[in-house]
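Please keep the sequence and the three-dimensional view at hand while reading.

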Amino acid sequence: MKCIVKEIDFLDADQFDNSYPFCDDPIRLHAQVIIGRDDQDGGDIFNLHVCNSAWLRHTLEREGVLIPSRIIFTEKFDESSLLDKVNSFVSRTEGDSVDEIFSKLHFFGAWEFL
């Protein structure tokens with residue numbers, strides 16, 4: 001069984017041009033990814049963040065150590081490229097059931113039912 005990305009919504013992303021590099025300020029955007037079976041409509045929501053390297057540097061300076069989970073790092077906000085990377089990652093995750101696949105994907109994004 002395989003799942004695919006049905007939709008991805010980068011909340012507050014309207015402030016960035018699709019190919020514009022993130023500025024030097026620390027940026028962290030919330031994203032909601034809807035993932036479901038490739039042979040059915042609908043899916044479940046996974047929440048994650050998209051951050052730039054300035055956010056990483058700022059967080060490391062403040063915290064000293066970072067154990068990232070549910071974060072994608074990028075230098076440039078490009079929805080199409082991010083969608084391709086996320087979809088490639090999700091489509092490689094296999095299991096015998098949707099629950100098994102979603103449990104494996106939970107470290108990637110916070111699954112709405114866990």
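At what N to O distance do the side chains of Asp-39 and Arg-37 meet in a salt bridge? In this predicted model, where local features need pLDDT of at least 70, side-chain atom pairs count only at pLDDT 80 or more and totals for chains, interfaces and linings use all residues, the distance between Asp-39 and Arg-37 is 2.8 Å, N to O. Residues are numbered from 1 along each chain as its sequence is written, and side-chain values use heavy atoms, with hydrogens and water left out.

**Salt bridges**

Side chains of opposite charge can pair when their charged atoms come close. A salt bridge is here a side-chain nitrogen of Lys or Arg within 4 Å of a carboxyl oxygen of Asp or Glu, and the structure holds four of them. The table lists pairs that include the one named above.

| Salt bridge | N to O distance | Relative accessible area |
|---|---|---|
| Asp-39 and Arg-37 | 2.8 Å | Asp-39 51%, Arg-37 23% |
| Glu-63 and Arg-62 | 3.0 Å | Glu-63 48%, Arg-62 54% |
| Lys-2 and Glu-94 | 3.6 Å | Lys-2 37%, Glu-94 43% |

A residue is called buried under 20% relative accessible area, exposed over 50% and partly exposed in between, with a 1.4 Å probe and protein chains only. By these limits Asp-39 is exposed while Arg-37 is partly exposed, and Arg-62 is exposed while Glu-63 is partly exposed. Lys-2 forms its salt bridge with Glu-94; Lys-2 lies in the segment before β1 and Glu-94 in the loop between α2 and α3 (98–105), so the pair ties together parts that are 92 residues apart in sequence.

**Overall layout**

Helices (H or I, at least four residues) and strands (E, at least two) are DSSP runs numbered from the N terminus. The protein has three helices and five strands, and from the N terminus on these elements follow the order β-β-β-α-β-α-α-β. Along the principal axes, the C-alpha atoms fill a box of roughly 40 × 30 × 20 Å. Of the 114 residues, 33% are buried. If contact means heavy atoms within 4.5 Å, then residues 24 or more positions apart account for 58% of the contacts with a separation of 6 or more.

**The nonpolar core**

In soluble globular proteins, nonpolar side chains tend to be buried together. A nonpolar core is a set of buried Ala, Val, Leu, Ile, Met, Phe, Trp, Tyr and Cys residues joined through side-chain atoms within 4.5 Å. The largest such core in this model has 23 residues, and those with the most contacts inside it are Phe-10, Ile-35, Val-86, Val-90 and Phe-102. Two or more residues of this core come from each of β1, β2 (28–37), β3 (44–51), α2 and α3. Once its neighbours within four places in sequence are left aside, Phe-102 is in contact with Cys-3, Ile-35, Gly-36, Asp-44, Phe-46 and Trp-111.

**Aromatic pairs**

Rings of Phe, Tyr and Trp (its six-membered ring) pair if their centres lie within 6.5 Å, and planes under 30 degrees apart count as stacked, over 60 as edge-to-face and the rest as tilted. By this rule the count comes to eight aromatic pairs. One of them joins Phe-10 and Phe-77 in an edge-to-face arrangement, 5.2 Å centre to centre with 90° between the planes. Phe-10 lies in strand β1 (residues 3–10) and Phe-77 in the loop between β4 (71–73) and α2 (79–91), so this pair ties together parts that are 67 residues apart in sequence. Both Phe-10 and Phe-77 are buried.

A tilted pair is formed by Trp-55 and Phe-73, with 6.2 Å centre to centre and 35° between the planes. Since Trp-55 lies in helix α1 (residues 53–63) and Phe-73 in strand β4, the pair ties together parts that are 18 residues apart in sequence. Trp-55 is buried, with a relative accessible area of 13%, whereas Phe-73, at 35%, counts as partly exposed.

**A loop residue**

Val-65 lies in the loop between α1 and β4 and, at 60% relative accessibility, counts as exposed. Val-65 and Asp-84 are 19 residues apart in sequence and 30 Å apart in space, C-alpha to C-alpha.
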